[in-house]
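Grab a pencil and work through the exercises below. Try each task yourself before you read its solution.

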Amino acid sequence: MTFDLGDVALQGELDRGAAPCTVNSFESLATQGFYAGTSCHRLSTSGIFILQCGDPSGTGRGGPGYTFNDEVKPGTLYPAGTIAMANSGRDTNGSQFFFVYEDSPLPANYTVFGHLDQASTDAVADRAYQGHDASNPDGTGRPLVPTEFVSVTLG
């Protein structure tokens, strides 16, 4: 994945064994160019430590026009570097996902489908530490420094 902050690389590959539907959807959207030019629209700099992306509308309400079921195992944890699906409730996965840049106490409600390498986790954290506008009622907001996908390539 290429952000305007540089390349963001996976540690290994997407986890098809744990999240086959999620990986298939993400790969399909990436291949179609769905994510190119989209901005990350939600950042939490305390509590859950996420940078949320993948909404073509940039509002937090957009998606690909379909949803699919969760692939979450009980006891799922979200350590720094995790890539997981964002959702608006059970079985509402679409295109939005988030990067965890510090260990997060999120409940086991979000499908994990990959992990960033350490340099990429650090790059996301560096962007996060530049802050957000606190525009959401939950204390999160849009990153103060716009963060956009230039491209998402698979390989």
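**Exercise 1: strands side by side**

Task: How many bridges join strand β5 to β7, and how do the two strands run?

Solution: Three bridges join β5 (residues 82–85) to β7, and the two run antiparallel. That's enough for a pair, since two strands pair if DSSP finds at least two bridges between them. Strands here are DSSP runs (E, at least two residues), helices are too (H or I, at least four), and both are numbered from the N terminus.

Now zoom out. Five strands make an open sheet, ordered β3-β4-β6-β5-β7, with antiparallel pairing. At the edges sit β3 and β7 (112–115), each pairing on one side only.

By the way, this is a predicted model: local features need pLDDT of at least 70, side-chain atom pairs count only at pLDDT 80 or more, and totals for chains, interfaces and linings use all residues. Residues are numbered from 1 along each chain as its sequence is written, and side-chain values use heavy atoms, with hydrogens and water left out.

**Exercise 2: a ring pair**

Task: Which kind of aromatic pair do Tyr35 and Phe97 form?

Solution: Start with the rule: rings of Phe, Tyr and Trp (its six-membered ring) pair if their centres lie within 6.5 Å; planes under 30 degrees apart are stacked, over 60 edge-to-face, the rest tilted. Tyr35 and Phe97 are 5.5 Å apart centre to centre, with 85° between the planes, so they're edge-to-face.

Task: Is Tyr35 buried or exposed?

Solution: Tyr35 is buried, at 1% relative accessible area; buried means under 20%, exposed over 50%, partly exposed in between (1.4 Å probe, protein chains only).
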